[in-house]
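I opened my notebook beside the viewer and wrote down what I looked up, one entry at a time. Follow along in the structure if you like.

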Amino acid sequence: MIPITPPRRIVEGLGNILTLVERNGKGEPASKELEEVIPKLLQQRATPGGTSVWAVLRPEGGEERRVGERGVQVRKVLSGGGGWGKKMGLLSLDPDVEVGLGEEEDIELFARDFMGKGMTGSVQFVVEPWVAHEGREEKGVVVGTQAEGGEVVVEGIHIQKGVFGVCLDIDGALDINLISLDMADSAANDTARPTVGIISLGDMGSGLARLLIAHGYTVVTNLTGRRHVLFPGEDTLTRARETGAVLLPSDTDLVTRSEIILSVVPPRDAYDTALRIVTALTDLPPLTRPLYFADMNATSPRTVRGIYSLFTPLTQADVRFLDGSILGGPPLPPLPDAPKSLSPGEDWSFRPLLPTSGPTPLPYPHLTTLLRMRHISPDVGAASGLKMCFASLSKGFTAIAVQTVATAKRLGVFTDLTDALRELTPANLERTEKAVFSMAPKAYRWVREMEEISATHAGEGEDGGWGEEFIFRGAAEVFRTVAEDTVLGQEKIGKRDRGKNAEDVAEAVVEGLKKRRKTE
């Protein structure tokens, strides 16, 4: 590789986003020096097209280490820059290790320095050399020859595949040792495993990301919506770091990098999320490949048909829309002693069902098997309708259970109710306990979901046809009460203080109802 900058101390960075580096004793946007150097390099080479840029990351105290030595990592620069887009000088680095991953201690060092709350150490940017035809020279670029079988020869050194280079006399460049990257294997993996974008990395989204990454897929996400700034919540950042997803600075990067985008957001955000993607696509030149957009959210058939209509006028991209749904909870990884499965994902403890519908099914058999995607209909709205009916029974029961245990508590018969259930219908008692415990952190999401379910049952034409919106409007109010009037609305998945059993849920709801009556 050819260095095009000296090593720069990292001043600020988060996840795989590099924000500021030190130059001339001051912090400056990470992309600024590249924006100065790259145009000169391309002009000097006098070749069409661009060039790939890589970041050599060295840990603190390891400034003298060379590529291949402990703690030194090589990462591809995916996107960013002030002049390159709207990312305010940010650079997004690919977290996939290309060079330098050695023993287990190296992995631990990288996890601490690169995937922790802040990046540390130094960064030096390098580019792939331009390999000319034999006999032609280019200032600052190593001239090599192409041998038979794809082998590259540079000053007598034979390299079977990958990129390589040494530094000559480009301004500001420092010597770096010769390295080789096995790009052929990486390209083969990309062919077999399409890059999957996921919005967003909540409990379900991060579970799907872990499942995909465990089976060789690259998962990318944008945590910051259309703001192009780094303001995601700490819980979201933690989940993103734990899953290993690539953090991209903007929606335009997301649609450019992804071959499939899964929208997994609260129902109230489904339409706006699709609109974000449509807006990003209209800001870009036409894509050269199809982009699959799967709306996996808990919305009514009418709502998802409205979302589908956002994509139909697009001329900038061949967007293939999938109406999707998720039945069941997030994927759970295999138990430590689970036998290795021959079928993708079968060794995992749990995987939800992901029915889809629409004109064009996904053309990736490995992916659809892994995610348990079943294409049930060519009609947009069918998969969402299935979700609404399934959730009517599951979350509808939860709403009934919450209201029942709270009323029993207020009437002083909670213990008598649980005793009766235990004796006569123990399965209902177990189901009630599980339902009300898991409900609290999700109640705010389920308000809109119940409204979507109600609209599905009531709607005419292609929907349920009941006419009146009853039952599930009431269920929506139960979850609204939990989310807005009780302490349970502050609960987070994995960080539970209240509502750990049915009786505590009942007590919290009764307390909330009392406070609400005092303020009315």
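**Overview.** I began by counting elements: the protein chain has 15 helices and 19 strands. I note here that the model is predicted. I then looked up burial, and 50% of the 520 residues in the protein chain are buried. For contacts between residues at least 6 apart in sequence, I found that 66% join residues at least 24 apart.

**The open sheet.** I traced an open sheet of eight strands, and its order reads E14-E13-E12-E15-E16-E17-E18-E19, with mixed pairing. Which strands stand at the edges? They are E14 (246-247) and E19 (373-377); each has a single partner strand, so one side of each is left without a neighbour in the sheet.

**E16 and E17.** Next I checked how strand E16 (residues 291-295) is joined to strand E17 (residues 319-324), and I found five bridges, with the two strands running parallel.

**E18 and its neighbours.** I moved on to the pairing of E17 with E18, which is antiparallel over two bridges. In this pair, Asp323 stands opposite Ser357 in E18. On to E19: E18 pairs with E19 in the parallel sense, over four bridges, and I found Pro355 opposite Arg374 in E19.

Are the faces of strand E18 (residues 354-357) covered or open? Both are covered: Leu354 and Thr356 are buried on one side, and Pro355 and Ser357 are buried on the other.

**Two helix pairs.** Before this entry I jotted down that two packed helices are described by the angle between their axes and the distance between the axes.

I took helix H10 (residues 382-411) and helix H15 (residues 502-519) to begin with; their axes cross at roughly 75° and come within 8 Å. H10 and H15 are therefore roughly perpendicular to each other. On the H10 side I listed Val402, Val405, Ala406, Lys409 and Arg410, which meet Ala502, Glu503, Ala506, Glu507, Val509, Val510 and Arg517 in H15. Sorted by class, this contact of H10 with H15 has seven nonpolar, no polar and five charged residues.

Then I turned to helix H11 (residues 414-424) and helix H12 (residues 426-439), which pack at an angle of about 130° with their axes 5 Å apart. That angle makes H11 oblique to H12. In H11, the residues Thr418, Leu421, Arg422 and Leu424 meet Pro426, Asn428 and Leu429 in H12. What classes of residue does the contact of H11 with H12 have? I got four nonpolar, two polar and one charged.

I found Pro29 in strand E4 (residues 26-29). Is Pro29 buried or partly exposed? At 31% relative accessibility, Pro29 counts as partly exposed. I also looked up Val11: Pro29 and Val11 are 18 residues apart in sequence, and from C-alpha to C-alpha they are 9.7 Å apart in space.

Definitions and conventions:
Residues numbered from 1 in each chain as written. Predicted model: local features only at pLDDT ≥ 70, side-chain atom pairs only at ≥ 80, totals over all residues. Heavy atoms only, no water. Pairing = 2+ DSSP bridges. Buried < 20%, exposed > 50% of the residue type's maximum accessible area, 1.4 Å probe, protein only. Axes fitted to C-alpha atoms, helices over the stretch in contact; angles between N-to-C directions. Parallel < 35°, antiparallel > 145°, perpendicular 65-115°, else oblique. Contact = heavy atoms within 4.5 Å. Nonpolar A, V, L, I, M, F, W, Y, C, P; charged D, E, K, R; others polar.
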